[in-house]
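Below is a short briefing on one protein chain.

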Amino acid sequence: MNISCDGIVNNPLGGASYVFEKEIIPYLLGNLNKNKLKISVGAQPNSSPHFGTLETITLAFALARKIEDYDPKKQVTILYEVIETAPSETIVIDGIKYQKNLNFTGKIDNYFGEYIDILDYYKNKTNINYEIRYQYEFNAHPETKSVFKSILNNREYISEKLDQKYKNLRVRMSCPICGLTDKNSVLNKYTEDTITFYCPEHGNYSINVNDDISKIEYNSPLRNLIRGMSYTAVNHSHDYDYEILRITGSDYAGFYQEELRYKLASYLGCNVYNMSMIFYAPLVVDWSGAKLSKSLYVKEGAYQDIPKKFINYSFLKEALGYKGLEILYDIVLNWINNPYMLFRHYSIYYFMEEFKKYE
Ligand SMILES: [Zn+2]
């Protein structure tokens, strides 16, 4: 199929683009109370950073730069949240799905260097520092622990909402001996303070939630809720001299957050009116409007029609060196300078045309 188009980029106003047509930074600043701000970006380093991930990281640095320029009192850093517990291998034993995570298989090291390369480039370009935090460090935070305990106390309600398929609280922990992890938390057993997990090879192993919970893992919706509530607690605590704002892809905006984050947080007693903010990065979509998917490319060889440099960082760097990152920065900076451009998605063909202007 050949699609012909006039090549004109229209930006019709509507919804948030209407409200924040000319300025977005003053609104963000009006909702931030501390001088130090951390902009949180997450990634599961299980392949070369795909184009959408790259766009989100770039937007985080550009936004940090703009905030500091607007208000010189602000000190902004990027908080790069690594999900080292992301699945690396999956197998089925006795009808139960098990996975081993990136950290356990050591595959986390395969692509981590590419992420550091990007972070270092933007750090030098923007003069914005970054720090890396692993999931186990996030879990060890007292705020995260207290949120998790509250969720455990309301396990049935939360599971019912967050896990439509299994109705389980999707918490897991790798077997300390072989790393196998009950992906859908099917065989977990709970008491008030303990969770017991099951490994088909090595039997039961438990944690007491009053002790160290740094090794536990969550599925995405549960992690999203815990993160939102934990960030909120940090933002309003005098024990921390910083607050956190999250940047993530806008496939998570809307129904997902309203139903699975805000309403549940409110149920658990969180003051939703001043909950930590999420800033959404426009999605990079294919011709049909679906987001470019990392796993479709990796597992099924999708996107043969798209030039490789727009697939992932490894190809982009091969084609353009650091120039690729420089161009992407200019593109997203233009969106922040014209914030009506932030509240929409962009097809990969938009990026192809924009890149032509700069290359
Ligand atoms: Zn085991």
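In which hand does H7 pass H9 in their crossing? H7 passes H9 in a right-handed crossing; a crossing is right-handed if the near helix is turned clockwise from the far one by less than a right angle, and left-handed if anticlockwise. This is a predicted model, in which local features need pLDDT of at least 70 and side-chain atom pairs count only at pLDDT 80 or more, while totals for chains, interfaces and linings use all residues. Residues are numbered from 1 along each chain as its sequence is written. Helices (H or I, at least four residues) and strands (E, at least two) are DSSP runs, numbered from the N terminus.

**Helix packing**

- The axes of helix H7 (residues 142–153) and helix H9 (residues 220–235) come within 9 Å and cross at roughly 130°. Axes are lines fitted to C-alpha atoms, for helices over the stretch in contact, and angles run from 0 to 180 degrees between N-to-C directions.
- H7 and H9 are therefore oblique to each other. Angles under 35 degrees count as roughly parallel, over 145 as roughly antiparallel, 65 to 115 as roughly perpendicular and the rest as oblique.
- From H7, Glu143, Thr144, Val147, Phe148 and Ile151 meet Ile226, Met229, Ser230, Ala233 and Val234 of H9. Contact here requires C-beta atoms, placed from the backbone, within 7 Å.
- H3 packs against helix H13 (residues 323–337) at an angle of about 55°, with the axes 9 Å apart, and the crossing is right-handed.
- On the H3 side, the residues that meet H13 include Leu54, Thr58 and Ala62. Their counterparts in H13 include Leu328, Val332 and Ile336.

**Nonpolar cores**

- The largest nonpolar core has 52 residues, of which Ile39, Ala60, Phe61, Ala64, Ile78 and Ile118 touch the most other members. A nonpolar core is a set of buried Ala, Val, Leu, Ile, Met, Phe, Trp, Tyr and Cys residues joined through C-beta atoms within 7 Å.
- Helix H3 (residues 51–70) supplies the largest share of this core, ten residues.
- A second, separate core of 21 residues includes Phe197, Ile213, Tyr218 and Leu225.
- Leaving out residues up to four places away in sequence, isoleucine 118 touches Pro49, Leu54, Ile57, Tyr313 and Leu325.

**Sheet and hairpin**

- Five strands form an open sheet in the order E5-E2-E1-E12-E13, with parallel pairing. Two strands pair if DSSP finds at least two bridges between them.
- Strands E5 (129–134) and E13 (278–281) are at the edges with a single partner strand each, so one side of each has no neighbour in the sheet.
- Strand E2 (residues 75–82) is joined to E5 by six bridges, and the two run parallel. Leucine 79 stands opposite glutamate 131 in E5.
- Strands E3 (residues 87–93) and E4 (residues 96–101) run antiparallel and are joined by six bridges. Proline 87 stands opposite asparagine 101 in E4.
- Two residues lie between the strands in the hairpin of E3 and E4, where aspartate 94 takes a positive phi near 50°.

**Positive phi in loops**

- Lysine 167, which is not a glycine, has a positive phi of about 60°. Lysine 167 is in the loop between helix H8 (155–162) and strand E6 (171–172).
- Serine 185 also has a positive phi, near 55°, and lies in the loop between strand E7 (181–182) and strand E8 (189–190).
- Lysine 167 is exposed, with 11 other C-beta atoms within 10 Å, whereas serine 185 is buried, with 22. A residue is buried if 20 or more other C-beta atoms lie within 10 Å of its own, exposed if 12 or fewer, and partly exposed in between, with C-beta atoms placed from the backbone.

Key. Contact = placed C-beta atoms within 7 Å.
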